[in-house]
Amino acid sequence: LIRYFQALLNQNRDEALAWFRGQITGDPSDTDTQLAAYALVDLLIRLDRHGEALDLALQYLPETAEEFGLSIPELCAKAGQFDKLRQFARSRGDLLNFTAGLLSR
């Protein structure tokens, strides 16, 4: 918890982010990995590093993001990465978000 707030306050931010990255063990289906990934995604969003947050969310949370209250389409929009929105929406058969990705080019 201290590392989280240190990163928000820009105190040892790089070390704190590295620590959170180190908590992600690798297996996206593992609950502990998903929790660690969500904590880092949330922190990156708060630091306005939406592109990094999106990449992590797509890698580790594509099926469970909504369970954590995270909207990958919204994160795509914040990151300005509409190509990833189209890919994500296409993989889920989500015509609405796919169309939004097309219109937002």
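Analyst: We begin with handedness. A crossing is left-handed if the near helix is turned anticlockwise from the far one by less than a right angle, and right-handed if clockwise. In this structure, which is a predicted model, H4 passes H5 in a left-handed crossing.

User: Which residues make the contact between H4 and H5?

Analyst: On the H4 side they are His-50, Gly-51, Ala-53, Leu-54, Ala-57 and Leu-58. H5 contributes Ile-72, Leu-75, Cys-76, Lys-78 and Ala-79.

User: Let me try another pair. At what angle do H2 and H3 pack?

Analyst: Helix H2, residues 13-22, packs against H3 at an angle of about 150°. Their axes are 9 Å apart. Apply the cut-off again: H2 is roughly antiparallel to H3. The handedness of the H2 and H3 crossing is left-handed.

User: Which residues meet there, between H2 and H3?

Analyst: Leu-17, Phe-20 and Arg-21 come from H2. They meet Ala-39, Leu-40, Leu-43 and Leu-44 of H3.

User: Arg-21 is charged. Which residues are linked with Arg-21 in a network of salt bridges?

Analyst: Arg-21 is linked with Arg-49 and Glu-52 in such a network. Take one bridge from it. Glu-52 pairs with Arg-49, and their closest N and O atoms are 2.7 Å apart. Glu-52 is partly exposed at 30%, and Arg-49 is partly exposed at 26%.

User: How many salt bridges are there by this rule?

Analyst: The count comes to 6 salt bridges. To read one, note the N to O distance, then ask where each partner sits. Lys-84 and Asp-55 meet through their side chains at 2.4 Å, N to O. Lys-84 belongs to helix H6, residues 82-92, and Asp-55 to helix H4, residues 50-60. The pair links distant parts of the chain, 29 residues apart. Asp-55 is partly exposed, with a relative accessible area of 36%.

User: What is the N to O distance for Glu-63 and Arg-92? And where does each residue lie?

Analyst: The side chains of Glu-63 and Arg-92 form a salt bridge at 2.9 Å. Glu-63 lies in the loop between H4 and helix H5 (72-79) and Arg-92 in helix H6, so the pair ties together parts that are 29 residues apart in sequence. Glu-63 is exposed at 66%, whereas Arg-92 is partly exposed at 33%.

User: What does Thr-33 touch, leaving out residues up to four places away in sequence?

Analyst: Thr-33 touches Ile-24, Thr-25, Gly-26, Asp-27, Pro-28 and Tyr-60. The side chain of Thr-33 reaches the backbone oxygen of Asp-27 at 3.4 Å.

User: What about backbone angles? Which residues have a positive phi although they are not glycines?

Analyst: Asn-12 is one of them, with phi of about 55°. Asp-48 is another, with phi of about 60°. Next, place each one along the chain. Asn-12 is in the loop between helix H1 (2-8) and H2. Asp-48 is in the loop between H3 and H4. Then check accessibility. Asn-12 is partly exposed at 47%, whereas Asp-48 is exposed at 60%.

Technical notes:
Residues are numbered from 1 along each chain as its sequence is written. This is a predicted model: local features need pLDDT of at least 70, side-chain atom pairs count only at pLDDT 80 or more; totals for chains, interfaces and linings use all residues. Side-chain values use heavy atoms; hydrogens and water are left out. A polar contact is a pair of N or O atoms within 3.5 Å; within protein, one must be able to donate a hydrogen and the other to accept it, and residues adjacent in sequence count only if both atoms are side-chain atoms. Contact means heavy atoms within 4.5 Å. A salt bridge is a side-chain nitrogen of Lys or Arg within 4 Å of a carboxyl oxygen of Asp or Glu. Buried means under 20% relative accessible area, exposed over 50%, partly exposed in between (1.4 Å probe, protein chains only). Helices (H or I, at least four residues) and strands (E, at least two) are DSSP runs, numbered from the N terminus. Axes are lines fitted to C-alpha atoms, for helices over the stretch in contact, and angles run from 0 to 180 degrees between N-to-C directions. Angles under 35 degrees count as roughly parallel, over 145 as roughly antiparallel, 65 to 115 as roughly perpendicular and the rest as oblique.
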